[in-house]
Amino acid sequence: MRNRNLWYWLFLAPALLALAVVVILPLAFGVYYSFTDWNGIRTPSFVGLEHYKALFAEKEFRDALWFTTKFTVVSVFLINFFGLSLALLVTQKMKTSHLLRTIFFMPNLIGGLILGFIWQFIFIKVFASIGELIGVEALQGWLSTPATGFWAMAILMSWQMAGYIMVIYISFLEGVPQELLEAAEIDGANSFQRFYHVTFPLVMPAFTVSLFLTLSNSFKLYDQNLSLTGGGPYNSTQMVAMEIFKTAFVENAMAFAQAKAVIFFLIVAAISLTQVYINKKREVEM
Amino acid sequence: MKRKKRGKLILEILGVILALIWLSPFYLMIVNSFKTKREMFEDTLKLPDVFTFDNYVVAFERLDFLKTFFNSLLITVLAVAVIIVFSSMAAYALSRRGGKTSGIIFMLFVAAMLIPFQSVMIPLVSIFGKLEMLNRGGLIFMYLGFGASLSIFLYHGTLSGIPKSLDEAATIDGANRFQIFWHIIFPMLKPVSVTVAILNIIWIWNDYLLPSLVINQQGMETIPLKMFFFFGEYTKQWHLALAGLTIAIIPVIIIYFFLQKQIIKGVSEGSVK
């Protein structure tokens with residue numbers, strides 16, 4: 001009997017050990033540290049809820065949380081709008097369909113850090129050149145005001161992720177039976193009616209997948225934030241992930257940063273659990 | 001019929017325009033990477049008078065590109081291999097033995113996907129620092145820890161569709177579990193392995209934050225790490241920065257050109273499940 005279990009644990013051990021040491025233990029330690037005055041070196045002693053009270057009173061964290069929320073709402077909307085539009089476009093029978101998919105998806109293969117640098121060039125130098133050419137002053141210094149910095153981030157994110165979301169919508173759109181659409185056409189439904197009454201209900205699950213994927217990706221964004229605006233000007237475009245990093249490794253307030261990280265975890269987990277709940281509910285209904 | 005044809009033509013044109021907009025950042029990056037500093041200063045929209053490769057020579061050297069590329073390759077290949085081997089084994093064990101224990105362990109792996117990196121980052125660095133594991137070996141182990149969840153999830157889904165009678169028949173023939181897995185089951189998992197490999201390669205190749213915390217030593221930098229320092233040094237010298245960025249993405253674009261179908265399929269499978 002022992003021997004029959006041995007293979008089981010041997011097969012499991014490496015992955016399970018890695019998960020425990022890399023994710024579960026740090027999470028447990030992190031939650032514990034967030035209630036202490038841990039600074040990475042000395043033995044921690046309890047401070048209770050002190051950090052949690054302080055972090056909601058801290059302007060930097062509140063600003064980051066607010067910016068992240070605004071950014072997430074806007075980019076979720078833009079990404080899904082463009083993603084679905086592109087998917088509808090490239091699923092038409094066109095000669096260029098395949099090539100277009102390849103092009104729209106391309107940004108997703110390149111790391112967010114590099115994409116942010118490329119767009120830094122576009123927003124700083126190219127926008128300035130275009131502004132000079134057409135005589136629009138507003139195109140100068142796009143990364144040096146909070147408002148344009150916000151839109152710069154939203155544009156970068158939409159450009160990158162629309163192609164990714166497009167791929168998800170395509171996989172559902174291609175699952176819509178052709179006979180159904182043809183039948184509707186014969187019955188006299190126009191293309192809008194066909195979309196609204198036939199395609200739309202069948203791709204509903206794609207909305208849930210895409211919505212939550214973009215929601216958590218936008219909320220957790222770090223690389224693009226770091227390389228495009230670096231949080232500037234004056235931390236006005238700093239997102240939560242970057243704020244946590246700075247608190248921990250620039251200001252060296254480890255326990256305080258960890259308390260912020262716990263809040264961050266709770267928000268992200270809540271987003272994902274809502275998705276799981278909605279999916280479960282729909283499965284029951286179907 | 002005629003109206004339909006015209007409608008299609010309008011869509012084709014719209015598609016091409018959108019594609020050009022999508023490609024324009026890359027186009028502007030490449031065109032400007034061939035300019036001199038002075039030309040860049042004058043105008044970023046026109047083509048360079050003379051295409052100069054000087055920027056590339058400098059950027060290639062400052063990025064120490066061959067070495068940096070090799071560093072990225074080494075980390076990515078080893079980490080992805082480790083993830084494929086150990087995730088498929090773990091998923092096999094979980095799906096074949098079943099029972100309450102397996103259910104709990106599987107849930108643990110799945111639940112770990114909810115945890116964002118920033119919420120474990122600080123203790124993680126501290127623990128690995130104390131174990132003196134802030135090196136490449138430690139980094140690969142971390143990639144297994146972060147990557148196992150999704151990979152096990154994907155393998156598990158396919159494994160439940162492979163009948164257990166296969167295993168049983170092999171057991172009667174005298175094969176042990178290792179032989180059964182590696183000779184019979186693993187080859188059948190090839191399509192999932194491709195998906196798992198693609199998803200993890202894209203992630204690890206482009207990852208910046210984790211390696212920046214773990215292997216921030218001279219000579220070990222991966223492409224994103226080196227790019228970060230390089231860019232910081234040359235912010236006022238766009239002609240060099242752009243040549244560096246172009247060099248960094250060329251390998252990815254070449255691979256994408258050859259494997260686009262598999263890559264897009266892998267990504268959509270990985271995110272829809």
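Student: Is A:Asn108 buried or exposed?

Tutor: A:Asn108 counts as buried, because it has 23 C-beta neighbours inside 10 Å. The cut-offs are 20 or more other C-beta atoms within 10 Å for buried, 12 or fewer for exposed, and partly exposed in between, with C-beta atoms placed from the backbone.

Student: Where does A:Asn108 lie?

Tutor: In the loop between α4 and α5 of chain A. Helices here are DSSP runs (H or I, at least four residues) and strands are E runs of at least two, numbered from the N terminus.

Student: And which residues is A:Asn108 in contact with?

Tutor: A:Gln160, A:Gly163 and A:Tyr164, leaving aside neighbours within four places in sequence. Contact means that the two C-beta atoms, placed from the backbone, lie within 7 Å. A:Gly163 is 55 residues apart from A:Asn108 along the chain, with 7.5 Å between their C-alpha atoms.

Student: Before I go on, what sort of model is this?

Tutor: It's a predicted model, in which local features need pLDDT of at least 70, side-chain atom pairs count only at pLDDT 80 or more, and totals for chains, interfaces and linings use all residues. Residues are numbered from 1 along each chain as its sequence is written, while chains are lettered from A and ligands numbered from 1 in the order in which they are written.

Student: What does the predictor say about confidence in chain B and the complex?

Tutor: Chain B averages a pLDDT of 92, and 98% of its residues score at least 70. pLDDT is the predictor's confidence in each residue, from 0 to 100. For the complex, the ipTM is 0.92 and the pTM is 0.92.

Student: Switching to chain B: how many helices and strands?

Tutor: 13 helices and zero strands. Chain B is more spread out than a compact globule, because its radius of gyration is 24 Å, well over the 19 Å that the globule rule gives for 273 residues. That radius is taken over C-alpha atoms, and the rule is 2.2 Å times the number of residues to the power 0.38. The C-alpha trace spans about 75 × 70 × 35 Å along its principal axes.

Student: What share of chain B is buried?

Tutor: 41% of the 273 residues.

Student: Which parts does UniProt mark as transmembrane region?

Tutor: The unreviewed entry lists residues 9-30, 69-92, 104-128, 140-159, 180-205 and 238-259 of chain B. Positions are in the numbering used here, feature names are shortened, and annotations may be inferred rather than shown by experiment. In the model, residues 69-92 of chain B are 100% helix, with end C-alpha atoms 34 Å apart. Residues 140-159 of chain B are also 100% helix, and their end C-alpha atoms lie 25 Å apart.

Student: Last one: what about B:Ile162, where does it lie?

Tutor: B:Ile162 lies in the loop between α7 (136-159) and α8 (164-172) of chain B. B:Ile162 counts as partly exposed because it has 16 C-beta neighbours inside 10 Å. Not counting residues up to four places away in sequence, B:Ile162 touches B:Ile185 and B:Met188.
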